[in-house]
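I opened the model and kept a running notebook. These are my entries, in the order I made them.

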Amino acid sequence: MTGKCNADEARAELRGWVLSTAPGLAEDKLTDTTPLLEARLITSLHVPELLLLIERLRGRPIDLSALSAGDLKDLATICARFLE
Amino acid sequence: MESMSRLVDVLCESSRRNFHNIYDLVAWPERVEPTRDWFMSPELCSLAGTEVWDLLSPEAQKRLAFHEAVNFFSLNIHGESALMQGLAQRLYGLRTRAVSPYLHHFLDEENKHCVLFGTFCERYAGKVYPDRKVVSSATIGDAGQADFLFFAKVLIFEELVDRFNLAMSKDRRLHPIAVAINHNHHVEEARHLAFGRRMCAELWAAGRPAWGPEACAAMRAYLQQFFAVSWKEYYNPDVYRDAGLAAELAGRWDACDPWALQHYGWQHPASRARRISMSERCMSFLALLGAGPQPENAEHERVP
């Protein structure tokens with residue numbers, strides 16, 4: 001639970017979180033560009049937990065005032081925006 | 001909804017009788033001393049009852065309680081902001097026309113609460129903690145379902161904060177300003193809760209026959225998730241950072257970054273016991289209605 005992860009570890013943990021949040025989703029159906037909110041793999045109610053996870057993985061807070069739903073579009077976008 | 005007219009009359013009369021100028025209600029001290037006075041009841045702090053809490057000095061516990069109070073008031077601001085948006089959208093609506101006279105008071109009182117919460121946060125902490133619910137909820141089901149879910153979410157939010165308000169309105173260890181804010185909120189929430197419970201019951205009873213079991217199950221699941229999200233906001237890593245817990249715990253506790261403490265606090269059995277106790281009234285109401293997890297479900301399935 002502690003410390004900043006490297007990009008590969010962070011991506012793997014994010015991916016695991018999405019799979020656990022959308023239990024009906026087969027692993028091979030989740031790619032880096034699968035839309036998360038649009039495909040309703042996650043909903044607006046999952047977003048606070050997702051943001052906490054991203055903050056933990058990068059080891060610093062996110063500026064919530066500059067955030068939009070597009071920043072959470074898919075795993076690739078999240079990683080590029082917050083974790084690399 | 002016409003059947004609510006008597007309740008609406010009573011609540012409107014009570015709101016008019018208790019109408020007040022919010023700017024005269026509280027004498028704001030120039031400054032406060034977060035390490036000298038309590039601003040949140042220690043037993044209600046997110047880390048209360050944990051090993052980490054016991055490691056903190058009395059001053060550090062009070063400093064944490066101050067930031068917990070700022071977080072609690074910030075949650076109220078965000079919750080009431082969403083509430084006011086939803087109430088304003090429903091003024092003189094198709095299904096809410098009959099209760100609109102009371103919606104005006106509801107809006108007025110919620111706005112006044114935000115004045116108190118916002119003044120405390122800005123004056124003494126220099127900020128309101130930001131809301132992590134940055135993506136708006138998608139509409140679920142038809143307009144009747146959306147109305148029910150809106151009022152059910154309002155009820156969950158207000159039931160939880162009222163448990164905190166009620167306890168702190170009676171806690172003489174707290175700084176008088178904290179007692180006053182919690183007391184004012186509790187008194188007015190009593191009307192809002194009476195209205196909210198009745199609205200939920202009316203909307204559920206009116207809509208349920210047409211919605212069908214699948215839609216009802218989806219709404220139950222949605223509310224269950226909303227309940228969990230609402231509780232999680234009480235465990236805010238920003239609070240642990242501002243309270244300086246990493247420095248306070250250095251060398252005495254391994255995982256003391258703000259997110260580790262958030263995870264630790266959320267998962268701790270003492271926290272869970274507190275959530276179960278404070279959720280019971282709301283959970284029982286929703287279960288009785290048929291809109292929440294039923295009592296025969298295991299406790300861990302009912303309360304986050």
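**Chain A, overall**

I began with the radius of gyration of chain A, which is 12 Å; this agrees with the value near 12 Å for a compact globule of 84 residues. I note here that the model is predicted. I counted three helices and zero strands in chain A. From the N terminus on, the elements run α-α-α. I then took the spans of the C-alpha trace of chain A along its principal axes, and they are about 30 × 25 × 20 Å.

I looked up burial next. Of the 84 residues of chain A, 20% count as buried. I also checked the contacts in chain A with a separation of 6 or more. Residues 24 or more positions apart account for 61% of them.

**Chain B, overall**

I moved on to chain B and found eleven helices and zero strands. The radius of gyration of chain B is 20 Å, close to the 19 Å from the globule rule for 304 residues, so chain B is as compact as a globular protein of that length. The C-alpha trace of chain B spans about 60 × 45 × 30 Å along its principal axes.

I ran the burial count here too. Of the 304 residues of chain B, 44% count as buried. For contacts in chain B with a separation of 6 or more, residues 24 or more positions apart account for 77%.

**Helix α5 of chain B**

I picked out α5 of chain B, residues 143–169. I wanted its length against expectation. The helix has 27 residues and reaches 38 Å from its first C-alpha to its last, close to the 39 Å expected at 1.5 Å a residue. Is α5(B) enclosed or open? I found 20 of its 27 residues buried, so α5(B) is largely enclosed by the rest of the structure.

**Cores**

I searched for nonpolar cores. The largest has 74 residues. Which of them touch the most other members? My list reads Phe39(B), Ala65(B), Ala69(B), Phe151(B), Ala152(B), Ile156(B) and Cys200(B). The most comes from α5(B), with 13 residues.

I followed Cys200(B) further. Leaving aside neighbours within four places in sequence, Cys200(B) is in contact with Phe148(B), Phe151(B), Ala152(B), Leu155(B) and Leu289(B). I also found a second, separate core of 15 residues, which includes Leu14(A), Val18(A), Leu52(A) and Leu72(A).

**Where the chains meet**

I listed the contacts between the chains. 21 residues of chain B are in contact with 18 residues of chain A. On the chain B side, α6 (176–232), α7 (237–242) and α9 (258–267) each supply at least two residues. I sorted this side of chain B by class and got ten nonpolar, five polar and six charged residues.

I stayed with α9(B). Its buried residues are Pro258(B), Trp259(B), Leu261(B), Gln262(B), Tyr264(B) and Gly265(B). What covers them? The cover includes α2 of chain A, together with α2 (51–55), α7, α8 (245–249) and α10 of chain B.

**Positive phi**

Arg40(A) has a positive phi of about 60 degrees. I placed Arg40(A) in the loop between α1 (7–21) and α2 (47–58) of chain A. Arg40(A) is exposed, with 10 other C-beta atoms within 10 Å.

Tyr92(B) also came up, with a positive phi of about 60 degrees. Tyr92(B) sits in the loop between α3 (58–90) and α4 (100–125) of chain B. Is Tyr92(B) buried or exposed? With 10 C-beta neighbours inside 10 Å, Tyr92(B) counts as exposed.

**Pro42 of chain B**

My last entry is Pro42(B), in the loop between α1 and α2 of chain B. Pro42(B) has 19 C-beta neighbours inside 10 Å and counts as partly exposed; buried would take 20 or more. Not counting residues up to four places away in sequence, Pro42(B) touches Ala48(B), Gln61(B) and Ala65(B). Ala65(B) is already on my list for the largest core. I also took the distance from Pro42(B) to Val179(B), 137 residues apart along the chain: their C-alpha atoms are separated by 14 Å.

Note on methods:
Residues numbered from 1 in each chain as written. Chains lettered and ligands numbered in written order. Predicted model: local features only at pLDDT ≥ 70, side-chain atom pairs only at ≥ 80, totals over all residues. Contact = placed C-beta atoms within 7 Å. Helix = DSSP H or I, 4+ residues; strand = E, 2+ residues; numbered from the N terminus. Nonpolar A, V, L, I, M, F, W, Y, C, P; charged D, E, K, R; others polar. Expected span 1.5 Å × (residues − 1). Buried ≥ 20, exposed ≤ 12 C-beta atoms within 10 Å, placed from the backbone. Rg over C-alpha atoms; globule rule 2.2 N^0.38 Å. Core = buried A, V, L, I, M, F, W, Y, C linked by C-beta atoms within 7 Å.
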